[in-house]
Amino acid sequence: FRRVLFRSVEVNLEDCGYSRFETYLGVDVNGDGRGLDRGSVNFKIYLDDALVYESGTLKVADGMRFVSI
């Protein structure tokens, strides 16, 4: 059994005066309701259609990552 989900979140920061985007990325330990480490995710961040960050494959055991762009 393999479930593949693709999700995307778009944040328009144009004309907001921001010079930096910061976030924490990770996999929710409670994602399957039992706290099992069965999933993985690869986060990608784009700036004006250019890839500026890619997390590589992350699992629950990897914890959270801080990203500052």
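These legends describe close-up views of one predicted protein model. Residue numbers start from 1 along each chain as its sequence is written, and local features need pLDDT of at least 70. Side-chain atom pairs count only at pLDDT 80 or more, totals for chains, interfaces and linings use all residues, and side-chain values use heavy atoms, without hydrogens and water.

**View 1. The protein chain has zero helices and four strands.** Its pattern along the sequence is β-β-β-β. Helices (H or I, at least four residues) and strands (E, at least two) are DSSP runs numbered from the N terminus. Of the 69 residues, 10% are buried (under 20% relative accessible area; exposed is over 50%, partly exposed in between; 1.4 Å probe, protein chains only). Among contacts (heavy atoms within 4.5 Å) between residues at least 6 apart in sequence, 42% join residues at least 24 apart.

**View 2. Glu10, Glu14, Asp15, Asp48 and Asp49 form a negative surface patch.** Patch residues have over 30% relative accessible area and no salt bridge, with like charges joined within 9 Å. A salt bridge is a Lys or Arg side-chain nitrogen within 4 Å of an Asp or Glu carboxyl oxygen. Asp15 lies in the segment before strand S1 (22-25). Asp15 is exposed because its relative accessible area is 78%.

**View 3. Valine 9 sits in the segment before S1.** Valine 9 counts as exposed because its relative accessible area is 75%. Isoleucine 45 is 36 residues away along the chain, and the two C-alpha atoms are separated by 9.7 Å.

Methods: Patches are made of residues with over 30% relative accessible area and no salt bridge: like charges are joined within 9 Å, nonpolar side chains (Val, Leu, Ile, Met, Phe, Trp, Tyr) within 5 Å. Accessible areas come from the Shrake-Rupley method with a 1.4 Å probe; for residues, only the protein chains shown count as cover. Lys and Arg count as positive and Asp and Glu as negative; His and the chain ends are not counted. The place of a charge is taken as NZ of Lys, CZ of Arg, CG of Asp or CD of Glu.
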